[in-house]
There are 2 protein chains.
Amino acid sequence: MKAEIIAVGSELLTPFRLDTNSLFLTSELNQVGLRVAHKSVVGDTPDEMRSSFEHALERADVIVSSGGLGPTDDDRTRQTVADLLGRKLYRDEEVLRSIHERFRRFGRAMPEINERQAMVIEGATVLKNPRGTAPGLWLEARGHIIVLLPGVPQELRALMEIEVKPRLLKLGIPERLYTRELRISGIFESDVEQRVSSLYAQYPDTETTILAAPTGIQLHPRLWSDNPAKAEATLDELVKRMSLALGEHLVSTRGESLEQVVAQLLTENRATIAVAESCTGGLLAERLTSLAGSSAYFVGGVVCYSNELKTSMVGVPAELIESKGAVSSEVALALAAGIRKRTGATLGLGVTGIAGPSGATPEKPVGLVHISIADEHGPRETPIQLPGDRERIRQFSAQRALNLVRRYYLFPTLGRA
Amino acid sequence: MKAEIIAVGSELLTPFRLDTNSLFLTSELNQVGLRVAHKSVVGDTPDEMRSSFEHALERADVIVSSGGLGPTDDDRTRQTVADLLGRKLYRDEEVLRSIHERFRRFGRAMPEINERQAMVIEGATVLKNPRGTAPGLWLEARGHIIVLLPGVPQELRALMEIEVKPRLLKLGIPERLYTRELRISGIFESDVEQRVSSLYAQYPDTETTILAAPTGIQLHPRLWSDNPAKAEATLDELVKRMSLALGEHLVSTRGESLEQVVAQLLTENRATIAVAESCTGGLLAERLTSLAGSSAYFVGGVVCYSNELKTSMVGVPAELIESKGAVSSEVALALAAGIRKRTGATLGLGVTGIAGPSGATPEKPVGLVHISIADEHGPRETPIQLPGDRERIRQFSAQRALNLVRRYYLFPTLGRA
């Protein structure tokens, strides 16, 4: 069965905003067996909204809309859908009471305009909104299901989970979407594609989306099936073969982030870590501290942008910077060893490189980055050449530095980031 | 005149990907006087694609599609649109030659499947793709303009700018969209709304979108007009009145980021800065170093997550941390003064707070953050209580710390972040 998502709101037709609700809605719809065949965005002009709903009725079994249920003149989803279906709107006294009640709870009187949110389409089931004043509406008409939800993300999510999904589950669609999420680090998107693409043809029932984010490459294999055991087995087998093809670059197979994997490795090894970073400018520390509880393993770091700070705070000899340059293997090694010594952490990480756009020389181009790790046996280091602009080089560098910690524990004999 | 954007690609109907091309396309279409009335996303199923194009032909003057022009079996935009218009596809020998040529330039032979990209719809104008093998197509049919573009963002952008926009300008649409972008920091979205919303009714021709990002609130007033001088004057007046209403919280009126404003203030004052941050975990340093050329004013920073590091690297007395707690006015002051002294920077910034989810006490709840700034006259500090989860608290804290630098220069008698 097919679903269609309609996002209502003129601000979603500006160059500044995207309809992100549809990602969540898609995931929920897929889980009850509905495939999303179309998504659309429309402003709050009644004619244009009517056209969107009309076309959706021609081609989808289930239509879910977001937005246009607020209290102002611009909120026209209720009226438009009522008109399209030839039904009347009436004021639902119970809904009105609950809106009054909600305002009272926050110590305010209900503004008159909010009365509009108590208008309900004839024959609709009211879906109580636990997070706001606009209820959702569930309609069955001409063999279709139409669900109207508010656009505020937390209200839409709560209504979808509590009210809509259980009702859709009752449709009893035997098919479901089964998914996996693989994370990969240390190679580029095209390398990932090359390693796994021959598998696609061998698993023709599956589809795989590849996604390149600053926090690593993701592979999302997925499969529609009415046979859960067979679907899971097929995905397990595909994931296993993908894992073999990806080798040491595979970070996780159930969507765990590189930060999570590194946190787990440090915790299991009762290790702490400290960082001395130059070109990443704090990004490496930021990622290491992004998880709750990171103070258990992250001691701290120095963002040593100036050469003076590399010397005064991390103990890199000034002569070394002078003779080898701030971006060099030698300085990277001294950063990792120095921060480890100064902080007493189990491991020290060092990053120095040229993020650009300026600062490059013929021998040291933009994108050249040295990443180092030090333990009680001393530091080791690997230079990499990264593509992209300043922002991407900084992001890739932080990613590779985190990946070096993962590799340090899992592949101790391999040096590369 | 109305435009409609259709994004083609089954991966855009998964929970993992959004059609971001449409933001760029919208901005370009608005600049030539076209309003975007609908956007839609469709997979690569011919029936469903046909339905999207059919409906767009009913309601839009100009249709721009992205995607589905690649060399594989899944790339069906050309065939679908040809069928819908009742036109034939033919192989364009010149296009084929230029695809061969492109492969040759990269030292490869053209794979046979790429021949498909030389297929052109009868009557179409071929738009040469400077960044890839798939040319764009420009069609005029039934009083509509249909533009087919590849989905790869850099190819789509180049084709839109070089080939499509000049042709659309020839339509001579007298109306244009005029816009401004205001950045605001130090207050929340609802406060911004409250301060400026009364202006909306006084400028009924304008529409304003408000956008809350971790990097501050943005206001985007805009206005369709065929009178450039009048439009600019109206927006100037509205922006002036918004600026008065926003007062000291206004960061910029032409879209400059807080980082850019802070960089300019530091540069104008020939000042340098260093940071000692705890709960922001490197994010503050990361933002200060995000701009090219930041090494001119950013000396460096310490991410002092552990109390030991606050003492050893920033010189915060251990007794002070012991008696007042790591999250306290006193420690914040000592962080700013200490990092300034250790680094020799003109200004020192200190941040300490409880990002959560753990670490809170009845007196010190999650979201309590102390932000401090020190100059040659000593440090000053302001406590703030921030809402949201760990990630938002970290982001807000970094934002408020940057804002404190702006306020230090522009409103020296005011202390708040």
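**Exercise 1. The residue after helix α3 of chain B**

Task: State which residue just after α3(B) takes a positive phi, then identify the buried residues of helix α3 (residues 77-85) of chain B and the elements they pack against.

Solution. Step 1: Just after α3(B) comes Gly86(B), whose phi is positive, at about 70°. This value, like every other in these exercises, belongs to a predicted model.

Step 2: Within the helix itself, the buried positions are Thr77(B), Arg78(B), Thr80(B), Val81(B) and Ala82(B).

Step 3: These buried residues pack against β1 (2-8), α2 (46-59), β3 (62-66), β4 (89-91), β5 (119-121) and β8 (144-149) of chain B.

**Exercise 2. The overall form of chain A**

Task: Determine how many helices and strands chain A has, and whether chain A is more spread out or less spread out than a compact globule.

Solution. Step 1: Chain A contains 13 helices and 18 strands.

Step 2: For 417 residues the globule rule gives 22 Å, whereas the radius of gyration of chain A is 27 Å. The value for chain A is well over that of the rule, so the chain is more spread out than a compact globule.

Step 3: The C-alpha trace of chain A spans about 85 × 55 × 40 Å along its principal axes.

Step 4: Buried residues make up 48% of the 417 residues of chain A. Of the contacts between residues at least 6 apart in sequence, 65% join residues at least 24 apart.

**Exercise 3. The domains of chain A**

Task: List the domains assigned to chain A and describe the contact between domain 2 and domain 3.

Solution. Step 1: The domain assignment divides chain A into domain 1 (2-169), domain 2 (176-252) and domain 3 (269-410).

Step 2: Between the C-alpha centres of domain 2 and domain 3 of chain A there are 31 Å.

Step 3: Domain 2 of chain A gives six residues to the contact and domain 3 of chain A gives five residues. On the side of domain 2 that touches domain 3, two residues are nonpolar, four are polar and none is charged.

**Exercise 4. Strand β8 of chain A**

Task: Explain why strand β8 (residues 144-149) of chain A is described as largely enclosed, and name the strands joined to β8(A) by five bridges.

Solution. Step 1: Five of the six residues of β8(A) are buried, so the strand is largely enclosed by the rest of the structure.

Step 2: Strand β3 (residues 62-66) of chain A runs parallel to β8(A), and five bridges join the two. In this pairing Ile63(A) stands opposite Ile146(A).

Step 3: Strand β7 (residues 136-141) of chain A runs antiparallel to β8(A), again with five bridges. Here Leu137(A) stands opposite Leu148(A).

Step 4: β7(A) and β8(A) form a hairpin with two residues between them. In the turn, Arg142(A) has a positive phi of about 50°.

**Exercise 5. Where chain A meets chain B**

Task: Find how many residues each chain gives to the contact, and which element of chain A gives the most.

Solution. Step 1: Chain A supplies 51 residues and chain B supplies 51 residues.

Step 2: Elements of chain A that give two or more residues include α1 (21-31), α2 (46-59) and β11 (206-213). The most comes from β2(A), with seven residues.

Step 3: The side of chain A that touches chain B has 23 nonpolar, 21 polar and seven charged residues.

Step 4: β2(A) also pairs with strand β2 (residues 35-42) of chain B, in the antiparallel sense and over five bridges. Ser40(A) stands opposite Ser40(B) in this pairing.

**Exercise 6. A sheet with strands from both chains**

Task: Give the strand order of the open sheet of 10 strands, and state which strands stand at the edges.

Solution. Step 1: The order is β18(A)-β17(A)-β16(A)-β14(A)-β15(A)-β15(B)-β14(B)-β16(B)-β17(B)-β18(B), and the pairing is mixed.

Step 2: β18 (378-385) of chain A and β18 (378-385) of chain B stand at the edges. Each has a single partner strand, so one side of each is left without a neighbour in the sheet.

Step 3: From one strand to the next, the twist averages 15°.

Step 4: Strand β14 (residues 273-277) and strand β15 (residues 298-303) of chain B pair in the parallel sense over five bridges. Glu277(B) stands opposite Val303(B).

Step 5: Helix α13 (residues 390-410) of chain B lies across β14, β16 (347-353), β17 (368-375) and β18 of chain B, and runs at about 30° to β17(B).

Definitions and conventions:
Residues are numbered from 1 along each chain as its sequence is written. Chains are lettered from A and ligands numbered from 1 in the order in which they are written. This is a predicted model: local features need pLDDT of at least 70, side-chain atom pairs count only at pLDDT 80 or more; totals for chains, interfaces and linings use all residues. Helices (H or I, at least four residues) and strands (E, at least two) are DSSP runs, numbered from the N terminus. The radius of gyration is taken over C-alpha atoms; the globule rule is 2.2 Å times the number of residues to the power 0.38. A residue is buried if 20 or more other C-beta atoms lie within 10 Å of its own, exposed if 12 or fewer, and partly exposed in between; C-beta atoms are placed from the backbone. Two residues are in contact if their C-beta atoms, placed from the backbone, lie within 7 Å. Ala, Val, Leu, Ile, Met, Phe, Trp, Tyr, Cys and Pro count as nonpolar, Asp, Glu, Lys and Arg as charged, and the others, Gly among them, as polar. Two strands pair if DSSP finds at least two bridges between them. Axes are lines fitted to C-alpha atoms, for helices over the stretch in contact, and angles run from 0 to 180 degrees between N-to-C directions. Domain bounds come from an automatic or database domain assignment.
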